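User: I would like to know what each label on this model rests on. Please set every value against its cut-off.

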Amino acid sequence: MDGGVLSDLNAGDASRTRDLLCRTLYSRLFTWLVNKINIIIKARHFGKRKVLGVLDFYGFEVFEKNGFEQLMINYCNEKIHQLVINLTLKNEQEEIVKEGLEWSRIEFFNNNQICQLLEHEKHGLLSLLNEPHVQCDSMYWTRVEQCCTGHTHCLTTDPNLPPFCFQIRHYAGTVVYNINEFVDKNRNFLPKEISRAMFHCDHPLMPVLFPEGNPKRCSIKQPLPISTQLRVALTSLLNSLSSRQMHYIRCLKPNELKQPRIFEMALVQHQVRYLGLIPTVQIWRSGYCYRLPFAQFLCRYKMLCVHTWPRWRGSSVEGVSLLIRSLPIPSAEFVFGRTKLFVRSPRTVFELEDFRRMRLHDLALLIQKHWKGYRQHNKYKKMKHSQIIISSAWRSWRAKEEFRILKHRKETEWAASVIQRHYIQWKRRHFLMKLATMLPEDVISPLCMEWPKCHPKLSETNALLRMIHHRWRCYKYRLKFDQTARNRMREKVTASFIFRDRKTSYPRSVSHPFLGDYVRLRQNVQWKKLCLETNDQYVVFADIVNKIARSSGKFVPILLVVSTHSMLILDQRTLQIKYRVPAAEIYRISLSPLLDDVAVVHIKAVSLFHLTELDNPLLFCRF
């Protein structure tokens with residue numbers, strides 16, 4: 001075969017080699033793409049800067065058929081969970097006890113045995129895969145039975161398990177793994193012939209993805225197994241996380257169907273238990289959210305106290321104690337350990353940081369003030385010397401010039417004042433003589449807004465005359481009213497005081513007279529009999545309004561009657577009283593300022609017990 005490689009493989013080997021090539025190509029292409037994106041978006045470093053990183057870790061996997069991939073993913077979850085438990089529960093409590101503070105130990109589940117089951121150097125499940133004599137899945141199964149039988153978290157000999165399957169009790173639950181293709185997937189050794197073929201492909205990306213196929217590179221060292229690569233990368237990640245200050249976000253899955261508005265209580269409780277959220281919350285509630293060694297605490301917050309700033313000469317513990325006493329924070333929020341200061345609540349930490357931020361701002365302003373003052377002082381001394389020379393000659397010239405200008409100005413102002421005084425007197429006389437002839441034709445109407453213009457000097461007199469004239473024509477207009485019109489006008493004026501510039505719909509109702517009885521209730525014979533029983537003969541307002549029913553939320557038309565003694569809600573057809581509220585029990589009526597007809601009647605709380613059929617105190621009506 002010219003230009004190619006000929007290899008004799010059966011159908012099974014060819015399929016496994018094909019799958020291995022696909023997995024390798026996908027993995028390397030994905031890694032190349034991620035690295036390329038990271039290089040492009042990588043920020044430039046200018047000096048020492050803080051780094052904020054986000055680790056989004058895949059969750060625990062349990063399928064009907066679990067293989068090598070699920071074991072690797074769940075192993076990573078076990079190690080991450082072990083790190084989080086050690087940092088949030090174990091190390092937290094050990095440090096509190098070590099510092100000599102009072103503490104009641106909180107028990108929690110530790111998954112060290114599960115991690116040892118997976119990664120032990122001699123008889124761990126991942127170490128057994130890398131043994132030289134383990135060349136197939138059956139040999140691996142024999143080693144698993146030999147090393148893991150009797151382990152409290154691993155089950156291999158149960159008759160209920162399928163063939164060649166073992167069960168591990170993870171921290172998140174029990175998972176059954178099938179060892180089929182464990183050894184092949186762990187090795188993941190791509191044959192050299194295939195690597196060379198991919199290296200010589202025409203695509204320019206292939207030599208980058210398969211550098212081991214380069215014939216010039218003579219490397220007899222085989223790549224590490226997948227389990228070993230994962231353990232090395234995971235160890236590096238855990239070491240990096242251990243040296244950082246971490247914050248955690250716990251994600252809980254509400255249901256297995258991935259559907260909204262479905263909450264499975266048993267599933268959520270199971271996740272809360274295996275994630276150790278209850279012990280974590282107990283420690284956070286009864287423990288300390290923040291701690292620093294005395295020297296670091298004093299170095300960070302010493303500017304908040306006049307006694308410790310700018311330099312403290314005594315011991316760190318004395319300086320911290322003096323600093324805390326000077327702060328406007330209760331001393332109970334701080335607890336002294338042997339080497340560290342503990343802070344109880346996050347709110348105290350936020351207050352400390354706010355005080356520090358404001359103090360640093362004040363110190364920066366102080367430095368700026370002194371520097372600017374020094375610079376301006378030097379500039380001032382130079383300018384002062386030059387100014388003295390110039391001003392000595394300029395002042396004498398300016399005094400003479402000002403005297404000449406002042407003399408001319410006084411003469412000009414005297415002449416202008418004489419002319420202005422005679423002109424204004426003439427304009428005032430002319431305006432008053434012509435005012436009666438310049439009034440508009442409908443000047444008697446109070447709605448007439450026209451008025452003759454005048455000279456600006458006569459604006460105050462003009463406004464006073466206009467006001468007197470308007471009062472006179474209003475007086476003339478009121479003389480034409482009878483008693484009924486007077487009452488209606490008083491109602492309109494009262495409504496104007498209440499709703500003008502406060503209710504948007506008020507201008508539409510100005511032209512409509514207030515009738516009060518919009519349904520002619522006073523002429524109703526049944527009402528005349530009813531009002532004698534309730535002493536509500538004098539009807540102030542009566543109309544059909546809408547009430548919101550509490551049971552259905554729909555609008556229900558009812559008859560609202562307001563008399564001088566009470567407010568009544570009646571059936572609009574039968575005039576049956578649903579409930580009656582005395583006027584003394586109504587202490588306020590509220591309206592919205594918008595374009596609506598909503599009115600809210602506020603009733604005293606005691607009176608609500610007497611209203612048996614009151615559904616809702618909101619009544620909707622039009623006024």
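User: Where does aspartate 517 sit?

Analyst: Aspartate 517 is in the loop between α17 (506–509) and α18 (525–534). Helices are DSSP runs of H or I with at least four residues, strands are E runs of at least two, and both are numbered from the N terminus. The model is predicted, so local features need pLDDT of at least 70 and side-chain atom pairs pLDDT 80 or more, while totals for chains, interfaces and linings use all residues. Residues are numbered from 1 along each chain as its sequence is written, and side-chain values use heavy atoms, with hydrogens and water left out.

User: Why is aspartate 517 called buried?

Analyst: Its relative accessibility is 9%. Buried means under 20% relative accessible area, exposed means over 50%, and partly exposed lies in between (1.4 Å probe, protein chains only). Aspartate 517 therefore counts as buried.

User: Which backbone nitrogens lie by a polar atom of the side chain of aspartate 517, and what makes these polar contacts?

Analyst: The backbone nitrogen of arginine 520 lies 3.0 Å from a polar side-chain atom of aspartate 517, and that of valine 519 lies 3.5 Å from one. A polar contact is a pair of N or O atoms within 3.5 Å; within protein, one must be able to donate a hydrogen and the other to accept it, and residues adjacent in sequence count only if both atoms are side-chain atoms.

User: What does aspartate 517 touch beyond four places in sequence?

Analyst: Aspartate 517 touches Arg522, Gln523 and Ala542. Contact means heavy atoms within 4.5 Å.

User: Is leucine 575 buried or exposed, and what stands out in its backbone?

Analyst: Leucine 575 has 7% relative accessibility, so it is buried. Its phi is near 60°, a positive value in a residue other than glycine. Leucine 575 lies in the loop between β9 (566–570) and β10 (577–582).

User: Why is aspartate 501 called exposed?

Analyst: The relative accessible area of aspartate 501 is 76%, so it counts as exposed. Aspartate 501 is in the loop between α16 and α17, and its phi is also near 60°.

User: What class does arginine 231 fall into, and what does its side chain reach?

Analyst: Arginine 231, in helix α9 (residues 226–242), is partly exposed because its relative accessibility is 22%. Its side chain reaches the backbone oxygen of glutamate 119 at 3.2 Å. Its contacts beyond four places in sequence are Tyr75, Glu119, Leu126 and Ser127.

User: Why do β4 and β5 count as edge strands?

Analyst: The open sheet has three strands in the order β4-β6-β5, paired antiparallel. β4 (290–293) and β5 (334–336) each have a single partner strand, so one side of each lacks a neighbour in the sheet. Neighbouring strands are turned by 20° against each other on average, direction ignored.

User: How many bridges join β4 to β6, and what makes two strands a pair?

Analyst: Four bridges join β4 to β6 (residues 340–343). Two strands pair if DSSP finds at least two bridges between them. Leucine 292 stands opposite leucine 341 in β6.

User: Which helices pack on this sheet?

Analyst: Helix α12 (residues 294–301) touches β4, β5 and β6, and its direction makes about 100° with that of β4. Helix α13 (residues 316–326) touches β5 and β6, at about 160° to β5. Axes are lines fitted to C-alpha atoms, for helices over the stretch in contact, and angles run from 0 to 180 degrees between N-to-C directions.
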